[in-house]
Amino acid sequence: MNWDPKQYLQFSQPRLRPAIDLLARVDCEQPQVVYDLGCGAGNVTRLLVERWPRAQIIGVDASSAMLAQAALALPEVRWVHHGLADWQPDALADVVYSNAALHWLPDHQRLFPALLQHLAPGGVLAVQMPRNFAAPSHTLIDATARTGPWRSRLEPLLDAAPVAAPQFYYSLLAPLTQQLDIWESEYLQLLSGKDPVKEWTKGTWLMPFLDRLEPAERAAFEAEYAQRLRVAYPPLADGGTLFPFRRLFLVARKR
Ligand SMILES: C[S@@+](CC[C@H](N)C(=O)[O-])C[C@H]1O[C@@H](n2cnc3c(N)ncnc32)[C@H](O)[C@@H]1O
């Protein structure tokens, strides 16, 4: 996928808020080794460096564009270019933190217990993932994909929602953990600018769809999707747009 740090960081403030909320729930005073999985452009990794200045912080991501931006922002951090599906740490970690990344990986039934194995006993796995896949921001991508001339090319991308219900993660992780805290928050985000919900998903979930289209078709897809979004998220009188966004949080302490 062609991640574009500029597009993604257009909404850096509302995207940062859940990362801060997740970090606030991690009870670990002096970790030595901290991984940020799917660290992206490093703006969230910066929070980890500020919280644990004496720890070795390592950011892992599969996008060289995102990592290049991260390395510019925080040259002192070690950045590892690697996919997360088969990632192995050099040493057992005290904290494995991941904000808004693991929903890109399939098979959470296998992935989450595997991540716990990379922690030292008592170590903490802290994860935030969007769970907005039943909201118009996401269902209208599917609806637009199904109704245009691009249907046959885009339909293979229409998988089931990648993040399961909170109870799934509880059943999976409770037997492997000594503490497990799982919750959801829905942020009522106020966005500004033209077609801001389209611009938001264009930095993330919409990307693989647009990547499969030629430039002219891409513009047509965006226009049709934007029109549907304006009905679902009508602009307010002052020009702002309310965009509710649900997220799942999980903080697990390994046995
Ligand atoms: C939405 S960004 C989040 C970045 C950062 N954690 C933040 O909160 O700002 C998702 C990141 O996950 C990375 N990513 C997605 N799938 C991945 C995979 N299978 N392996 C490694 N990185 C992946 C992407 O390259 C991207 O940088």
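**The ligand and its pocket**

Modeller: In the side chain of Asp-61, an N or O atom lies 2.5 Å from an oxygen atom of the ligand, which is a polar contact, that is, a pair of N or O atoms within 3.5 Å. This is a predicted model, in which local features need pLDDT of at least 70 and side-chain atom pairs count only at pLDDT 80 or more, whereas totals for chains, interfaces and linings use all residues. Residues are numbered from 1 along each chain as its sequence is written, and side-chain values use heavy atoms, with hydrogens and water left out.

Around the ligand are 19 residues, the closest being Gly-38, Asp-61, Leu-84, Asn-99 and Ala-100; a residue counts as near if one of its heavy atoms lies within 4 Å. By class, this shell has eleven nonpolar, seven polar and one charged residues, where Ala, Val, Leu, Ile, Met, Phe, Trp, Tyr, Cys and Pro count as nonpolar, Asp, Glu, Lys and Arg as charged, and the others, Gly among them, as polar.

The ligand sits in the largest pocket, in the sense that more than half of its atoms lie within 2 Å of the pocket's grid points. A pocket is an open set of points on a 1 Å grid over the protein atoms alone, where a 1.4 Å probe fits, with protein on both sides within 12 Å along at least five of seven lines; lining residues have an atom within 4 Å of a point. About 620 Å³ of space lies in the largest pocket, and of its 35 lining residues Trp-3, Gly-38, Ala-100, Ala-101 and Trp-104 are the closest to the centre. The lining comprises 20 nonpolar, eleven polar and four charged residues.

How values were computed:
Grid points are joined across faces, edges and corners, and a volume is the space filled by probe spheres set on the points. A polar contact is a pair of N or O atoms within 3.5 Å; within protein, one must be able to donate a hydrogen and the other to accept it, and residues adjacent in sequence count only if both atoms are side-chain atoms.
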